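Student: I would like to go through this structure one question at a time. Please show the sequence and the structure to begin with.

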Amino acid sequence: MSSAPRLVEITDLKRYFDVSSPWLNRVIEGRPRQIVKAVDGVSFGIAKGETFSLVGESGCGKSTVARLVVGLYPPSGGRIAFEGKEIGEDRTARAQVQSRMQMIFQDPYASLNPRWRVEDIIAEPIHTRKLIEGKKAIRDRVGELLSQVRLAPADMDKYPHEFSGGQRQRISIARALAGQPEFLVCDEPTSALDVSVQAQILNLMVELQQKFGLTYLFISHNLAVVFHLSTRVGVMYLGKLVEWADTAHLFERPRHPYTRMLLDTIPDLDLTGRQRQPVGGEVPSPINPPSGCSFHPRCPFATERCRAEPPNLRDVSGSSVACHAVEEGRI
Amino acid sequence: MADPLLKVEDLKVEFPTRRGTLVAVDGVSLHIDPGEVLGVVGESGAGKSMTGNAIIGLLEPPGRVAGGRILFEGRRIDDLPYEEMRKIRGRHIGAIFQDPLTSLNPLYTVGRQLIETIRTHDEAVGETDARTRALGLLREVGIPAAEARIDHYPHQFSGGMRQRVVIALALCANPRLIIADEPTTALDVSIQAQIIALIKRLCREHGTAVMLVTHDMGVIAETADRVAVMYSGRIAEIGPVREVIKHPRHPYTVGLMGSIPKVGQRREKLTQIEGTMPRLNAIPRGCAFNPRCPKVFARCREERPDPRPTPGGAVACWLNAAAGRPA
Ligand SMILES: Nc1ncnc2c1ncn2[C@@H]1O[C@H](COP(=O)(O)OP(=O)(O)OP(=O)(O)O)[C@@H](O)[C@H]1O
Ligand code: SF4
Ligand SMILES: [Mg+2]
């Protein structure tokens, strides 16, 4: 496992959402308060220059982690440190750290202000951080950024609706780069795009990472994309990290039963006629997650202990895995 | 050889707009044999859903079939009056859409909807028998505790379970053909795998043919017998799945396959097809793919290539012209 100095270190991160009905309804209908533990004690570190990916099915808390990391939500518990310094409550210190990270979202339609010209969209971080002064200099910089994402400098005078989904995602990337970040959090940046356009954006992301030494936290539900892009991968299930490892290791030797199940769903594009384990069940509601290991109702290896006691992450030959069966050497 | 179940000949779908008529499907020909799964794959705007909707007679106006013929069991169905087409739809041709909620009425229990559907298709079936059949269908599509779930409303089901209910609805009349448009796109990967397995099993057990419309080559690889690759309203390439995936002939298919990241094959760069698919009002002369094609030559810019036969299929590309006569 990598021992490079960590750019970002996340420790026991938590975010709970209160999704109860209004107080009066609860009292009248005698319903309890309902809490979703969207992220429930997640820890991992990201080394400078690497791509750390989080995978998992809908609702497992990937986007919530992303939003917590860039400070869009305050955490309910836990710590986030950047270059060894904890990002605390102090507003100026926060702002300073946060200016070194940027986020790219899934939906290139919703994330760009339709009434702004591309120049204004991309120049926004330049203005807020006062990186460059002077109209001409800013225009030159925006033109340069557009070329870096393979759009034409002349595109800066257009509006978002004049662009396709892939082109809009390039504009989002240019805007993120405008703030000269070191760390980019990308939440499903290609999930809304056609595969050929996805390939263009993924190639661009790799190129920019090499050119500017960027560090990525990459969120996706697409395992093949994650395999292609990542240095290390973490697998989430119901708000928890159940396994993480170096990419090649995770895909060659998945340990956690959920990771195995996920890998088994990858379509067989080589038509090897590989036999599958039938996959059972669905992700349960995060409001009342199962006791013990929350994967136990779907797990073929579950025992009494799994139903009672939540497993913790442990290092097992190159992986970190939260599973009793793995710890007990049963699988 | 037996007649195909469905035959589409030179289908053209148009959309009149204020600024002129857009051609969304242009000269599509394909057939589906009984019990066969034909995948139709392509990027957004390629005309896949439009082709499926034309077949089931559900083109949204002002879209209309402007040319060609659609034959179901040898009988022409593209020019039927609305009422007659409605009877064929449901009874002989079922439909499954991406969003299961479009096929379900939120105000009725799933049991009610299944029973109604069963009884519309077969008036001789009584309420009790229909309920028994409905239960059987729910069990067949893998709804756990079907006896209890039959009286639940659609919103009480998860996305994956709802899609199972929609499949049960489509099966009510035992149709010979199901048009499934992105049936797994809205679902999580593990649920997607379950629904794919279900569709495959139903085809095998009922001999139902399926036209599976999707943007996801992975779903095609897992499910289809043959695949049609669409680009700009035309079929670029059609053939047995194995042929098309392992030995793509059309440069678009070659690019598409190379652009898909694959687990186990670490590549520095994914193959990149430059540019994007043209808008319907700007489809280039000649081959629609020519401005993006790495193999383009003079003829491609002038003349539109017609599909020409390949082993088990056809390819619309001038590179393939030497290989055969027009199909
Ligand atoms: N603002 C919020 N208020 C209430 N619940 C929320 C909120 N944001 C997220 N949740 C819940 O927290 C859980 C985790 O959500 P999150 O969006 O992080 O999942 P995800 O892994 O990104 O899923 P997807 O793959 O669908 O994007 C879900 O159950 C979600 O419904
Ligand atoms: S802890 Fe138990 S239930 Fe959870 S994944 Fe491991 S074996 Fe399965
Ligand atoms: Mg998300």
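**Questions on the predicted model**

Tutor: Just after α1(B), B:Gly57 takes a positive phi of about 70°. Helices (H or I, at least four residues) and strands (E, at least two) are DSSP runs, numbered from the N terminus. This is a predicted model, in which local features need pLDDT of at least 70 and side-chain atom pairs count only at pLDDT 80 or more, while totals for chains, interfaces and linings use all residues. Residues are numbered from 1 along each chain as its sequence is written, chains are lettered from A and ligands numbered from 1 in the order in which they are written, and side-chain values use heavy atoms, with hydrogens and water left out.

Student: How many of the eight residues of helix α1 of chain B are buried?

Tutor: Buried means under 20% relative accessible area, exposed over 50%, and partly exposed in between (1.4 Å probe, protein chains only). In α1(B), the residues that count as buried are B:Lys48, B:Thr51, B:Gly52, B:Asn53, B:Ala54 and B:Ile55. The helix, residues 48–55, is thus mostly covered, and its buried residues number six.

Student: Is A:Thr215 buried or exposed?

Tutor: A:Thr215 lies in strand β8 of chain A, residues 215–219. Contact means heavy atoms within 4.5 Å, and beyond its neighbours within four places in sequence A:Thr215 is in contact with residues including A:Leu7, A:Ile46, A:Phe183 and A:Gln209. Because its relative accessibility is 0%, A:Thr215 counts as buried.

Student: Which residue has the backbone nitrogen that the side chain of A:Thr215 reaches at 2.8 Å?

Tutor: The contacts of A:Thr215 include A:Ala47, A:Lys48, A:Gly49 and A:Glu50. The backbone nitrogen reached at 2.8 Å belongs to A:Gly49.

Student: Which residue's side chain has an N or O atom 2.5 Å from an oxygen atom of ligand 1?

Tutor: A residue is near a molecule if one of its heavy atoms lies within 4 Å of it. Of the 14 residues around ligand 1, the nearest are A:Ser58, A:Gly59, A:Lys62, A:Ser63 and A:Thr64. A backbone N or O atom of A:Gly59 is 2.7 Å from an oxygen atom of the ligand, and a polar side-chain atom of A:Ser63 is 2.6 Å from an oxygen atom of the ligand. The side chain at 2.5 Å is that of A:Ser58.

Student: What is the area buried between chain A and chain B?

Tutor: Buried area is the accessible area (1.4 Å probe) that two parts lose on being put together, summed over both. The contact takes 39 residues from chain A and 41 residues from chain B. On the side of chain A, A:Leu269, A:Leu271 and A:Glu282 lose the most area, together 21% of what that side buries. Carbon and sulfur atoms give 55% of the total, which is about 3400 Å².

Student: Which helix gives the largest share of the side of chain A that touches chain B?

Tutor: The polar contacts here are pairs of N or O atoms within 3.5 Å, one able to donate a hydrogen and the other to accept it; residues adjacent in sequence count only if both atoms are side-chain atoms. Across the interface of chain A and chain B, 16 residue pairs are in polar contact, both residues at pLDDT 80 or more. The elements giving two or more residues to the side of chain A are α7 (195–212), α8 (223–229), α9 (247–252) and α10 (257–264). The largest share, nine residues, comes from α7(A).

Student: Which residue forms a salt bridge with A:Arg314?

Tutor: A salt bridge is a side-chain nitrogen of Lys or Arg within 4 Å of a carboxyl oxygen of Asp or Glu. A:Arg314 belongs to a network of salt bridges that also links A:Arg305, A:Glu309, A:Glu327, A:Glu328 and A:Arg330. A:Arg314 is partly exposed, with a relative accessible area of 41%. The partner, with closest N and O atoms 3.3 Å apart, is A:Glu327.
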